[in-house]
Amino acid sequence: MNLGDRDDLDDARLRELAQRLGARAADTLDVERTAAAVLERLREAPARRRMPIWLPIAAGLVLLLGAGVVWRATHRAPAPAVAAAGYDLKTLSPDQLRQLLQVIDQPLDVDSVTADDTTWDDLTAPELRHLLAVLEG
Amino acid sequence: MSRAEPLAVQPTDAALIAAWLGGEEQAAAELVRRHARALAGFLAAAGAPEADLDDLVQETLIRAFRSLARFRGQCQFRTWLLAIGGNALKDAARRAKSRGGSQVLPLEEELQAQGGDPHEDAVAGETERRLKDGLQGLSPMQREVFLLRAQQGMDYDDIAQALGTTPGAARVHYHHAVKRLKEIVR
């Protein structure tokens, strides 16, 4: 290509130049030696599955999350009794639940509690404990 | 009737890949024979120093064979291999930079002998030098798209698959690269 022709450089010329670029390096590459070296290196480190790069990161995150969950479980205040009591309420019979609802629905003033004192007597000790747990929750 | 396809009958890249994954070592050697020169040309044009070219070619091939199980034939094997080469080159440049070396990899020092008129050879060498300089001034994506398209003759679909972009975006990168290179080379 002449110096004066440079302005006329078109895509085809650019492609031709690009193809020539690196051609000498490619020609001087000893392919058989490269193949032997690559096989040798592959043999040294057998075709084991390489661990994906995200795997140790994900494992680290899982460990951190797990540690966080354990820490919270051991350090935070006891879980609200409502949840536990809610679960235990399943053990009550429909009649007992109705009684319980009546008690809970009462306004929390001294008079009403006193007026309904008879209702409390119908509950067993475990039921009272459940009720306390609910009210304290 | 023989069940096994003999390797000597010009197996496709896909067949060689399957054979390698099945434990046939010579399949890997054949893949190297087929693609190593193109890989070396690509890496050299992309800015790999001549002194490091052998190592980079080997490093790329090792990476490729180790992750071959993940190759799903979404593009040509060669395109995929060259994309891995591009990444290996970037990693090498990063390592060189962290060691305090030059970020831009050195260019070939010799003019390419064209075997014709000495003046024309010199001009051609100068043009190639400018092109190589210009390539270093492109973004890595533009450079890779340009070389895969212009040097290796890959189509945009293949390039897009290998580089994790869309054919439209690859086309845009190519045209940006051509525009800039024309300005630099002229």
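Good morning, colleagues. Please keep in mind throughout that the model is predicted.

I begin with chain B. Chain B contains 8 helices and 0 strands; read from the N terminus, its elements follow the order α-α-α-α-α-α-α-α. Of its 186 residues, 40% are buried. If one takes the contacts in chain B between residues at least 6 apart in sequence, 62% of them join residues at least 24 apart.

Let me turn to helix 4 of chain B, which covers residues 77–98. This helix has 22 residues, and from its first C-alpha to its last it reaches 32 Å, close to the 32 Å expected at 1.5 Å a residue. Its buried residues include B:Phe77, B:Trp80, B:Leu81, B:Leu82 and B:Ile84, and among them are also B:Arg78 and B:Thr79. What covers these buried residues? The cover includes helix 1, helix 2, helix 3, helix 6 and helix 7 of chain B. Just after helix 4, B:Gly100 adopts a positive phi of about 95 degrees.

I now come to the nonpolar core. The largest such core has 58 residues, and the members that touch the most others are B:Ala40, B:Leu43 and B:Val57. Helix 2 of chain B, residues 25–46, supplies the largest share of this core, with 12 residues. Leaving aside residues up to four places away in sequence, B:Ala40 touches B:Leu53 and B:Val57 in chain B, and A:Ala25, A:Ala26 and A:Leu29 in chain A.

That brings us to the contact between the chains, which takes 29 residues from chain A and 36 residues from chain B. On the side of chain A that touches chain B, the elements giving two or more residues are helix 1, helix 2 and helix 3 of chain A. Helix 3 of chain A gives the most, with 8 residues.

Finally, consider how helix 3 of chain A packs with helix 3 of chain B. Two packed helices are described by the angle between their axes and the distance between the axes. Here the axes come within 10 Å and cross at roughly 50 degrees.

Thank you for your attention.

Definitions and conventions: Residues numbered from 1 in each chain as written. Chains lettered and ligands numbered in written order. Predicted model: local features only at pLDDT ≥ 70, side-chain atom pairs only at ≥ 80, totals over all residues. Core = buried A, V, L, I, M, F, W, Y, C linked by C-beta atoms within 7 Å. Buried ≥ 20, exposed ≤ 12 C-beta atoms within 10 Å, placed from the backbone. Helix = DSSP H or I, 4+ residues; strand = E, 2+ residues; numbered from the N terminus. Contact = placed C-beta atoms within 7 Å. Expected span 1.5 Å × (residues − 1). Axes fitted to C-alpha atoms, helices over the stretch in contact; angles between N-to-C directions.
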